[in-house]
Amino acid sequence: MIIRLLLGCGILCTSALWLFEGRFGLLSEYDRYGYPLLLTGFGLSFGLLLAVPRLRAVAEIIGYSTFVLYCACAVLAFPTLPTNTRLYTIANTLQWMPLIYVTAFLLFKQRKAMLAAGGAFGLSLAALAWTVATGTAGTWSAIHASLILNAYAVHLLTLLALSLFVVTQSAFERMRKRTLVLESAAFSDALTGVANRRGLERILMRHAEQPGMPMALILLDMDHFKRVNDRRGHVFGDRVLQTVVDALGGALRADDLLGRWGGDEFLVLADGTSVEDARALAERLRSAAAALPASASGGVTLSAGVSLWDGEGGLEEALRRVDIALYAAKNQGRDRVAMAETTIHGTTRAKV
């Protein structure tokens, strides 16, 4: 929804600027070609979102990259601008550029957002450095140079402020989530140290009170764990549980939450995760367990069921969907990931 809104606004604003500048003689030679290319990139990204929603990540990259490249090339074109419209075009470009950094933090998560925004700033800075190094900036007046330097200082401070805000918010959210789960021994599993079922249910109920935010539910089951207990005893089985949990913890992202759902079942909660990212996370978890030496894991593997839940439809239905997906993974041979799917008739099936 956010990306569609941003692209729609981008298309409207670019079209309006193109018409306005053309009407009043402010359209630069660069924008005569730059605006059509910008609209093409935005239009392609918007169309891809509508036609193939599962390629959302690709559409986001196309739209964002188009904007970044337009601004970087505009900086390279600064020295070639006619004197009568130079001040307007430079100021107009520089005032739109901070939107690049804001967009990065709206589209991408934390580290990716900082890398995308930082890369955009670095690219535009490199373009500016190139104009200075090649001597083409010699035609700038003191006003032009002062405007550019002040704008880049503001851009840098904006980028740092956004990064600091996201890092602080992320740390606060991690502490809040862990505090909710681990504030009492009643919400943690004594053997593995992760959240227990009561702790997980507490988080899920809070999520249900704030519908609209996507959360991935990944239900993991240790294949043939009973066989390990029967053959090598419960003491060794407990060590296997601890070993697998340690391996899973290393494969999780900073904001993901792992808990013991019961017995040899574990549940991972991942906020703000797309279908593709949820499946990739489940595959990393499965691979982490599969990579353990048999001497430490008893040779167990993991089957995983994955479902996305936005807080609506009830917790019972969300758990039923992910349980169906897990059953499909085990029924198809274990040691694999299955995604829950909802048909147009409202029934649930799973895709391995």
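1. Glu 60 is buried, because its relative accessibility is 7% (buried is under 20% relative accessible area, exposed over 50%, partly exposed in between; 1.4 Å probe, protein chains only). Its salt-bridge partner is Arg 56, at 2.8 Å from N to O. A salt bridge puts a side-chain nitrogen of Lys or Arg within 4 Å of a carboxyl oxygen of Asp or Glu. Arg 56 is partly exposed at 42%. Both residues sit in helix H3 (residues 56-77), four residues apart, about one turn. Helices are DSSP runs of H or I, at least four residues, numbered from the N terminus.

2. This is a predicted model: local features need pLDDT of at least 70, side-chain atom pairs need 80 or more, and totals for chains, interfaces and linings use all residues. Numbering starts from 1 along each chain as its sequence is written, and side-chain values use heavy atoms, without hydrogens and water.

3. The structure has eleven salt bridges. One of them joins Asp 230 and Lys 226, with the closest N and O atoms 2.9 Å apart. These two are four residues apart in helix H9 (residues 225-232), so about one helical turn separates them. Asp 230 is exposed at 54%. Lys 226 is exposed at 60%.

4. Arg 320 pairs with Glu 317 in a salt bridge, closest N and O atoms 2.9 Å apart. Both lie in helix H13 (residues 315-331), three residues apart. Arg 320 is partly exposed at 37%. Glu 317 is partly exposed at 28%.

5. Asn 92 lies in helix H4 (residues 83-96). Asn 92 is buried, at 8% relative accessibility. Beyond neighbours within four places in sequence, Asn 92 contacts Leu 17, Glu 21 and Tyr 35 (contact: heavy atoms within 4.5 Å).
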